[in-house]
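Subject: Structure handover and findings

Dear colleague,

Please find below the structure that I am handing over to you. My notes on it follow directly after.

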Amino acid sequence: DSYGGSVENRQRFPLEVVRAVREAIGSQTVLDIRLSASDWAEGGVTGEETAAFSRELVEAGVDVLHISSGGNVPAAVPVGPGYQLPLAEQVKQAVAGSDVPGVGVGLIEEAAQAEQIVGTEQADAVAVGRPALREPYLPVRWAHDLGIDDWRQAGLPNQYRRGDWG
């Protein structure tokens with residue numbers, strides 16, 4: 001059908017959804033999309049395809065590109081700290097000049113690592129999954145690790161302030 005087979009056909013449905021959502025929510029609401037930028041499998045989705053697709057998504061109304069990868073098909077994924085960041089960089093370069101931020105992911109488990117990623121502009125923001133599941137107040141601890149010891153500045157709720165690191 002018109003939604004399968006070629007890259008263009010596979011991208012048709014998500015573009016239609018983005019346009020419909022953008023129309024429904026208006027221009028004042030942020031529209032974020034998370035993309036699996038690579039299947040890490042022969043013949044699967046590639047970073048180059050996702051980078052090109054990202055330009056179309058921005059034209060369709062996406063405000064934030066959240067770049068992940070893998071997990072869709074069995075593949076040998078080169079897992080390691082920050083392993084998905086080159087894909088986020090590729091997408092960020094593809095939409096350069098659009099002011100659409102890119103979110104990077106992929107075994108980001110230390111505050112210094114996250115700060116380095118944003119500081120070197122590999123990504124505009126960092127998202128963490130499993131580390132935050134293990135430690136719900138991870139952003140607060142990371143703030144402390146980066147030298148923010150004031151519980152208000154770190155975002156620690158008032159009822160937890162006596163448990164801060166200060």
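Which residues are buried in helix H6 (residues 138–145)? They are Leu138, Val140, Trp142 and Ala143, where buried means under 20% relative accessible area, exposed means over 50%, and partly exposed lies in between (1.4 Å probe, protein chains only). Helices (H or I, at least four residues) and strands (E, at least two) are DSSP runs, numbered from the N terminus. Just after H6, Gly147 takes a positive phi of about 95°.

Please note that this is a predicted model, in which local features need pLDDT of at least 70 and side-chain atom pairs count only at pLDDT 80 or more, while totals for chains, interfaces and linings use all residues. Residues are numbered from 1 along each chain as its sequence is written, and side-chain values use heavy atoms, with hydrogens and water left out.

The sheet

The model has an open sheet of four strands in the order S1-S2-S3-S4, with parallel pairing; two strands pair if DSSP finds at least two bridges between them. Its edge strands are S1 and strand S4 (125–126), each of which pairs on one side only.

S1 and S2 run parallel and are joined by five bridges. Ile33 has Leu65 as its bridge partner in S2, and Arg34 stands opposite His66.

S2, H3 and S3 make a right-handed β-α-β unit; right-handed means that, with the strands pointing away from the viewer, the path from the first strand over the helix to the second runs clockwise.

The nonpolar cores

In soluble globular proteins, nonpolar side chains tend to be buried together. A nonpolar core is here a set of buried Ala, Val, Leu, Ile, Met, Phe, Trp, Tyr and Cys residues joined through side-chain atoms within 4.5 Å. The largest has 18 residues, of which Val18, Ile33, Leu35, Leu57, Val62, Leu65 and Ile67 touch the most other members. Two or more residues each come from H1, strand S1 (32–36), helix H2 (47–60), strand S2 (64–68) and helix H3 (85–94). H2 gives the largest share, four residues. Another core, of eight residues, lies apart from it and includes Leu85, Ala111, Ala114 and Leu138.

Thr50

Thr50 is found in helix H2 and is buried, with a relative accessible area of 4%. Its side chain reaches the backbone oxygen of Ala37 at 3.0 Å, which falls under the polar contact rule (a pair of N or O atoms within 3.5 Å; within protein, one must be able to donate a hydrogen and the other to accept it, and residues adjacent in sequence count only if both atoms are side-chain atoms). Not counting residues up to four places away in sequence, Thr50 touches Leu35, Ser36, Ala37, Val45 and Val91, with contact meaning heavy atoms within 4.5 Å.

Yours sincerely
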